[in-house]
Protein chains: 2
Amino acid sequence: MAKKNTLKYIILGLLEKQESTGYDIKKIFEDEIGEFWRSNHSQIYPELKKLEEQRLISFRVEIVGSKLEKKYYTITDEGKAELKEWIFAPTPELLATKDEFILKLYFIDNKEAGKLVKRFEEQIVLHQEKLEHLKFRMQTVFASQKEKELNYGHYLILDHAINREEGYLLWLKDQYIHIKKDE
Amino acid sequence: MAKKNTLKYIILGLLEKQESTGYDIKKIFEDEIGEFWRSNHSQIYPELKKLEEQRLISFRVEIVGSKLEKKYYTITDEGKAELKEWIFAPTPELLATKDEFILKLYFIDNKEAGKLVKRFEEQIVLHQEKLEHLKFRMQTVFASQKEKELNYGHYLILDHAINREEGYLLWLKDQYIHIKKDE
DNA sequence: CGAAACATGTAAGAAGTTACATGATTAC
DNA sequence: GTAATCATGTAACTTCTTACATGTTTCG
C-alpha cells in the first residue's frame, strides 16, 4: 500500500485557496491548521519542489526589493483534480492522538497521584491559554457573518478546536479537584 | 536538543507494571493505550533490545511448549529511576492532533459542503462505534470500585478517551444537521 | 487438521524533527 | 543600524509504517 502523504494534499489545498510562497504555507501551518497538522519548512520546501516536478503545481518568481527571489506557487488543473479526490474520499482511519500527558497518567501509581498536582496545574494553564488564543482568533477573524460564509472551512476547524479544548479543560479541572483532595 | 523517544518510557512504564514479552506490550498498545500512542511490533522489538543493552531492562527466556522461546522482560532499578523522572517531569509541549477529517473541512468550498453529507455520516458511525467500544471496556474492566483503585491510571485514560469521543460526536452531529440543511 | 492467535525478528522506505546555512527586507 | 521577520534551501538523524520472513501453540 502506498503511503498517504497528507502534506501533499494540504499544500494543494492551500494553493487552491491562494497563490503562495513556501513561507506563506509555513505561516498557515502555524496560524490556522496547526491544531490539526503541523509541518516544518524543511519538509515544505522539498515537497513543493516534488509537486512542481509532478506538474501538480507551478510557480513564478517575483523579485522583491533588489534581489530577493520569491517563488509564488499556483495549483494546476491536475493538482485540483487530485485535491478534490482526496477531499471527497472517505477518511476511515482514526489516527491515534499522541498525548504525552494523558499517557503519563496511565503509569501513575495511586499512592503517588498527589505528586502530579503541579503537573495538572501546568496543563490547565497551557490549555487555558490555548483556548483563550483560539477564542480570540474566532472573535477577530470571524467578526462578521460575511467572513464566516467566505471561509466556512476555516470557521469549522476553529470551532472544532475550541470545542475540543473546552472539553479537555473541563476534564482536567475535574481530575484536578480529585487529586487535590488526596494530596 | 535530544530526541524524546517516548516509546522508551512507555515500555519502561509497562514493564514496571508487570513483566512482559514484546508481544504482550504490542497487545497493550492495541487494547489500552492505543488511544494516546501507537506502536508496531517492528518498533517494539528493536527498542526492547536497545533498552536491554542500556541495562534499563533485563529478560529471562521461558520455553513454552516444546521449543517456543518467549522473552520476558523486567525493568531494572536504573530503568525505574528514568521512568520516574519522565513521569513527574513537566509536559510543556502540546502535540498537534493529526485529524485528517477535520483538516479536509478546512478545504471545502461553501458551495460544495453538501457533498460531505456521506462523509459526515461515516465519521459519525466511526466515532459512535469507538465510543461504544470504550464504554463497554469501562463497564467490563472497571465493574467494581476495587478495580478502579487498583489501576487508577488505566481508569483515568479510559475516562478521558470517553470524554473526548463524546465531545467529538456531539460536534459532528451538530455540524451534520447544518450541512444536511444546505444539501 | 486447520485456522486463529501467539511470538519474534529484520528490511526498506516514508515522514517528521532538529540543526546547519545563508541572506534580504522591513519597521523602528 | 539593528532587530525581527521574511525567505529558501539542505543535511543528519529519529521515528513510524509497511512489508518481508519465519515458526509455534492453542482451540475448536
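This is a predicted model: local features need pLDDT of at least 70, side-chain atom pairs count only at pLDDT 80 or more; totals for chains, interfaces and linings use all residues.
Residues are numbered from 1 along each chain as its sequence is written, and chains are lettered from A in the order in which they are written.

The second largest pocket holds about 660 Å³ of space. A pocket here is an open set of points on a 1 Å grid over the protein atoms alone, where a 1.4 Å probe fits, with protein on both sides within 12 Å along at least five of seven lines; lining residues have an atom within 4 Å of a point. A volume is the space filled by probe spheres set on the points, which are joined across faces, edges and corners. Of the 38 lining residues, A:Thr97, A:Arg164, A:Tyr168, B:Thr97 and B:Arg164 are closest to the centre.

Turning to the helices themselves, the axes of H6 (residues 117-141) and H8 (residues 152-182) of chain B come within 9 Å and cross at roughly 155°. Axes are lines fitted to C-alpha atoms over the stretch in contact, with angles from 0 to 180 degrees between N-to-C directions. That crossing makes H6(B) roughly antiparallel to H8(B), a label for angles over 145 degrees.

The largest pocket has a volume of about 1,200 Å³. Its lining has 35 residues, with A:Ala96, A:Lys98, B:Trp37, B:Ala96 and B:Lys98 nearest the centre. H2(B) supplies the largest share of this lining, 3 residues.

Notes:
Side-chain values use heavy atoms; hydrogens and water are left out. Helices (H or I, at least four residues) and strands (E, at least two) are DSSP runs, numbered from the N terminus. Angles under 35 degrees count as roughly parallel, over 145 as roughly antiparallel, 65 to 115 as roughly perpendicular and the rest as oblique.
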